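Hi there,

Here is the structure I promised to pass on. Have a look at it first, and then read my notes below.

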Amino acid sequence: MHVAVTGSRGLIGSALVPFLATQGHRVTRLVRGAALGTGEVSWSPDESLRDVSGLHDLDAVVHLAGEN
């Protein structure tokens with residue numbers, strides 16, 4: 001599966017992303033600010049996605065972004 005994850009650098013996301021990857025899933029991190037790597041897509045909750053090219057064939061989205 002191709003899974004996009006918001007909040008991927010937080011407490012839960014930082015454990016979930018490697019777990020999904022080791023299970024054979026392709027993971028794309030939706031990150032605030034500039035995307036740093038090929039597995040990241042820049043987004044802002046207040047704006048639309050800046051680049052959707054990394055989200056083709058997406059099967060699921062896990063939304064973990066927010067305040068602690």
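A word on terms before the details: helices (H or I, at least four residues) and strands (E, at least two) are DSSP runs, numbered from the N terminus. This is a predicted model, in which local features need pLDDT of at least 70 and side-chain atom pairs count only at pLDDT 80 or more, while totals for chains, interfaces and linings use all residues. Residues are numbered from 1 along each chain as its sequence is written, and side-chain values use heavy atoms, with hydrogens and water left out.

**The chain as a whole**

The protein chain has one helix and four strands, arranged along the sequence as β-α-β-β-β. Its C-alpha atoms fill a box of roughly 30 × 30 × 20 Å along the principal axes. The radius of gyration is 11 Å, which agrees with the value near 11 Å for a compact globule of 68 residues; this radius is taken over C-alpha atoms, and the globule rule is 2.2 Å times the number of residues to the power 0.38.

Of the 68 residues, 28% count as buried. Here buried means under 20% relative accessible area, exposed over 50%, and partly exposed in between (1.4 Å probe, protein chains only). The accessible surface of the chain comes to about 4500 Å², and 54% of that belongs to carbon and sulfur atoms. These areas come from the Shrake-Rupley method with a 1.4 Å probe; for residues, only the protein chains shown count as cover.

As for contacts (heavy atoms within 4.5 Å), 49% of those between residues at least 6 apart in sequence join residues at least 24 apart.

Valine 27 is found in strand β2 and is buried, with a relative accessible area of 17%. Not counting residues up to four places away in sequence, valine 27 touches Val3, Val5, Val17, Leu20, Ala21 and Gly39. Leucine 55 is 28 residues from valine 27 in sequence and 9.9 Å away in space, C-alpha to C-alpha.

Valine 5, in strand β1, is buried at 0% relative accessible area. Beyond four places in sequence, the residues that valine 5 touches include Val17, Leu20, Val27, Val62 and Leu64. Between valine 5 and valine 17 there are 7.6 Å, C-alpha to C-alpha, and the two are 12 residues apart in sequence.

Serine 8 sits in the loop between β1 (2-6) and α1 (13-22). With a relative accessible area of 2%, serine 8 is buried. Leaving aside neighbours within four places in sequence, serine 8 is in contact with Gly13, Ser14, Val17, Arg29 and Val31.

Threonine 22 belongs to helix α1 and counts as exposed at 61% relative accessibility. Threonine 22 and serine 8 are 14 residues apart in sequence and 15 Å apart in space, C-alpha to C-alpha.

Aspartate 57 lies in the loop between β3 (40-43) and β4 (60-63) and is exposed, with a relative accessible area of 66%. Its phi is near 60°, a positive value in a residue other than glycine. Most residues other than glycine have a negative phi.

**The largest pocket**

The largest pocket has a volume of about 310 Å³. On a 1 Å grid over the protein atoms alone, a pocket is an open set of points where a 1.4 Å probe fits, with protein on both sides within 12 Å along at least five of seven lines; lining residues have an atom within 4 Å of a point. Grid points are joined across faces, edges and corners, and a volume is the space filled by probe spheres set on the points.

The lining has 16 residues, with Gly7, Ser8, Gly10, Leu64 and Ala65 nearest the centre. Strand β2 (residues 26-32) gives the largest share of the lining, three residues. By type, the lining divides into seven nonpolar, six polar and three charged residues. Ala, Val, Leu, Ile, Met, Phe, Trp, Tyr, Cys and Pro count as nonpolar, Asp, Glu, Lys and Arg as charged, and the others, Gly among them, as polar.

Best wishes
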